[in-house]
Each structure stands twice: as C-alpha cells, then as structure tokens.
Amino acid sequence: MKTCYFSYFLFLLFGVFNHITVYAQPDSVVVSEYFSSIHNDENRLRQFFAEMPKGGDLHNHLTGAAYAESYFKFATEDGLWVDMATGKLYQPKDSTKGKEMLRLSPDMPNLHNTRMALIDKWSIRNFNPGKFPLGADEYFFGAFGLFNTVAGKHTVELMQELRKRAARENVQYLEIMLSSPGINAAKIDALCGNDFYTRYNDRLQKAILADTERAKGREGTDKVLDDIFKEWEKIPAMSKWVDKYVAYIDSIDIHSTLSSGYDRTPVCFYQGYASRNAAPLVVYAQLYIAFKSCLREGSKLVGVNIVSAENSEIAMADYTAHMKMFRYLDKATGNRVKTSLHAGELTLGLVKPEDMCSHIREAVFVAGADRIGHGVDVAFKEGSISLLDAMQKRQIPVEINLTSNEFILGVKNDAHPFMLYRQAEVPTVLSTDDPGILRTNLAQQYVLAAMRYGLGYYEIKQLVRNSIRFGFMPEKEKQALLKRVEKEFATFEKMWRKNISLIFVRI
C-alpha cells in the first residue's frame, strides 16, 4: 500500500506550482522543499545527510574518535594483555597487574566473545547504568584510560581511520585534538633543571590560592606566570621540545595522508592541548609548548585547547588560573594563536548550582577564547543574556556536540541550549566530540539537530558554512574550502533533485 507520507510535498510540488514553474526552480529550492517534508522521518534524514557535504568537524578528539573495533584489532596484533574485569590493556611486561588477565591474539580461543565484551567496555554500546557504580560521565572519561596503551602506538593508523571516514561521509575539514605536548613534572625538571618543578609549582599554587582568597600582600597568579614564562624563554631545551612536538604532529599528518584513490580527502589541521586535571605548572607547561608550536612556520598546529572532565576537583579549583594562563600566553605570543576552550560542559546535578556560574564567561572574558566547546550550562550563568550578546557581537561560535551532551550530561531536546544560542544569533557548529566511544558520526549530529529543533535546509547549510568559516586553518586553505563546499553543495543539490524524482515514483 502506497504511503501518503509526502503528501504535503507533492501538494506543494504539483498542486501549487504548475509543471513548468517547478522545473524552473533552482535545485536548492526543490531540495529545500523536499527537506521540509521529511523533518520528522529519521531514516529519510539519515539518507539525506549521509550524502550532504558537511563541511568541518571542529571538535574531535583523536583517541575518542577511533572505534573500539580498531583498538581491538591493534591490541590482538600487538599481543597485549587485558584485564577482563575492567577492560584495561597492559603491555606484556605488566601482565600481572590485573585481576582477570588474558593475552590477546588474532587466533585466540573465544575471540568473538572477548571482542564483544571489550567493545562494550571501550564505548557506550550496551551501557547499563544499573551495573556501573558511578555516573555516565565517569564511565565515558574512564574509557580513555582503558585503551591508551594501544592508542599511542597506532596514532598514524587512527588518523587514517578518521580521514577515510571523513572522505566517505563527505566531510571536507577535520580539526583534530591529536596529542598533548607530553610534559609532566619529571620532564619539566629534565628540560629546566632539577628543582625547577617543585620551586615554581609551589609558587604557582600559593599564588592561585591567594587569588582565590583575595589575600592582600601576596604575589598574584599573573606575576608568577610572567616569571615562569621569562625563565622558559631563556631555556634552549624548551624551544627544542617545541620543535620536537611540531615534528611529531607533522609526521603523523604526513604518514596518515590517504592515497589518491580517495577523491574527497579532507583537509586536516590540529589543536594542541593541556589536561586541566594536572598540577598547575604542568598545565602551564603544556599550554606554553602548544602556543609556541602554533607559531612555528609551516606547523600543522593551528589552535590550543584544554581538555578532560571539567567537574573534577583540580579542574574546578584551578579553573580561573587556567583561564589566566590562556590570557597571559595569548598576550605574550602577540595574540596570534587561536584558542577553543572546553567550557560549560556541566549541568545541574553534576555539580553544585553555584559551580555553573562563571566558566563560559571566564573563557570568553578572561581567556579570550575564539571558540567555545560544549557551552551546555550557559542558561545557569549569572548575566547569561549579556554573555550571549557579547558572544554574538564578538562572533564566538559554540561547538555543539548533541550525542556527547546527551550521554555524558543527560542533556537533550529543549534542555539543551542549542536554540538559546541560535535565537541569540551566536554562531553554532555541529561536531562529534568522540564519535568512536559514542558510536556516532557527524551525519547523525545533523539528523538530531534537524529532528529536535526543526531546522530548515538553508539553516543546515549555514551550519556547514560556519564549520569552515570558524575553523582555525590558514586563510588560504579556508577560502579554498569555502569554495569547495559551495561547489559540492551544487553537485549534491543537482543529484538530489534527481533522487527526489525517483523517490516519488515509488510512493
């Protein structure tokens, strides 16, 4: 029995316009009218978005973007051990550390069941909150520590996986959070001399505490940051570490480039980042290396971020200090480095209400962020209307991660501030965050946005353009990508005009 699901569109197509007028319409108009008729049909939307040019994915963590199936393949080939009780991978030398240790290999007994069990532990597939003692956010962030042993050794293969998926999915640009600069307390002393870490981390911690308590007569955070920066500028080993980090990122980029057989190969650039859950001097050192690396001629690093759970103890206590680090480094490097900051990845219940009052505001007004990642708790901010107004005037876009926010924070539909940003005319882009762990892709983010918020086709196209317009890539590449997207949209709309005719033949 033929469905009348598209009756509205057929009426519009054949009832209102005559045959000649319809065929005189531009392809984009026909496609837009068809799109309006399917906004509640998830399968039709998925069919549509699978082929639509999607511009860029600006918020994408490499290790979280790769699927668990890939990690399992690499782990079996490398002969790693796994604790089946937790899902954590170990090198052979550490094979006695777990409780239920099992050696992985491509020809191991019970290969399929082991693979299925580990995919569940390394992603949100089949997540059962009743069987997990902590929240979904802890489950999500804990997954990274389970497969890190194999991830670091196969970075090139992971990047190739991302590039191939982007090419198949018609994504033109990837801006990947690929790797931190690898700085810790021991490395700081190795580069800067014994006792450097203890001396300056202690000063920095005391200054942060004094600023928090507004203690008079104590040196402030900015003064200590300035002193440390000047010390690092005089240490050749720090400059050499910048060179090493840039070379590492560039090497991964070169060796993960796809062959000429992929005719829709995405353009790739990268963000350096710090982990916000480290000691303050470690965070500052990671940011220092990342900022400096972006300034190296020819570097593929184009921006700096700060990552990890925003609600952890250190991240909450040192949040303002981290924003001051960004502010200081931005000024010290001549305002030439772009920044995108994870901010406002919080919701009511995850933290106390008063802990959601200032993070996005500080990211904008203290750190001077060029983009905001997540921005979920904006409605809880003090002075949220003036904040949104400032973001609109400064054209600071928000990277919207719908699947991520739904799983980690339990925020979706009208509880999500997506429409609050759009109504305030704050630029928005859709991105995936960690599509491997979350078992999703960029097309699905467009499906969710269309179904949940009733976006029209031209609004969708603007989201795609935003994802190129607000990318951190060099201007020459940006202009080329903007032209490429428009060309691919023209091809897509021409093809879908034909597809629409075929669809209506069968209904």
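Mentor: Happy to! Let's begin with a term: a helix crossing is left-handed if the near helix is turned anticlockwise from the far one by less than a right angle, and right-handed if clockwise. Helices (H or I, at least four residues) and strands (E, at least two) are DSSP runs, numbered from the N terminus. This is a predicted model, where local features need pLDDT of at least 70 and side-chain atom pairs count only at pLDDT 80 or more, while totals for chains, interfaces and linings use all residues. Residues are numbered from 1 along each chain as its sequence is written, and side-chain values use heavy atoms, leaving out hydrogens and water.

The axes of helix 6 (residues 68–77) and helix 8 (residues 136–151) come within 9 Å and cross at roughly 50 degrees. That makes helix 6 oblique to helix 8; angles under 35 degrees count as roughly parallel, over 145 as roughly antiparallel, 65 to 115 as roughly perpendicular and the rest as oblique. Axes are lines fitted to C-alpha atoms, for helices over the stretch in contact, and angles run from 0 to 180 degrees between N-to-C directions. The crossing of these two helices is left-handed. In contact terms (heavy atoms within 4.5 Å), Y71, F74 and A75 of helix 6 meet F147, V150 and A151 of helix 8.

Eight parallel-paired strands form an open sheet in the order 1-5-6-7-8-9-10-11. Its edge strands, strand 1 (56–61) and strand 11 (428–430), each pair on one side only. Two strands pair if DSSP finds at least two bridges between them. On average, neighbouring strands are turned by 25 degrees against each other, direction ignored. Helix 14 (residues 280–294) packs on this sheet, touching strand 6 (267–275), strand 7 (301–307) and strand 8 (338–343), and its direction makes about 165 degrees with that of strand 7. Helix 22 (residues 442–453) also packs there, touching strand 1 and strand 11.

Zoom in on strand 8, which is mostly covered: five of its six residues are buried (under 20% relative accessible area; exposed is over 50%, partly exposed in between; 1.4 Å probe, protein chains only). Two bridges join strand 7 to strand 8, with V304 opposite T339. Four bridges join strand 8 to strand 9, where A343 has H374 as its bridge partner.
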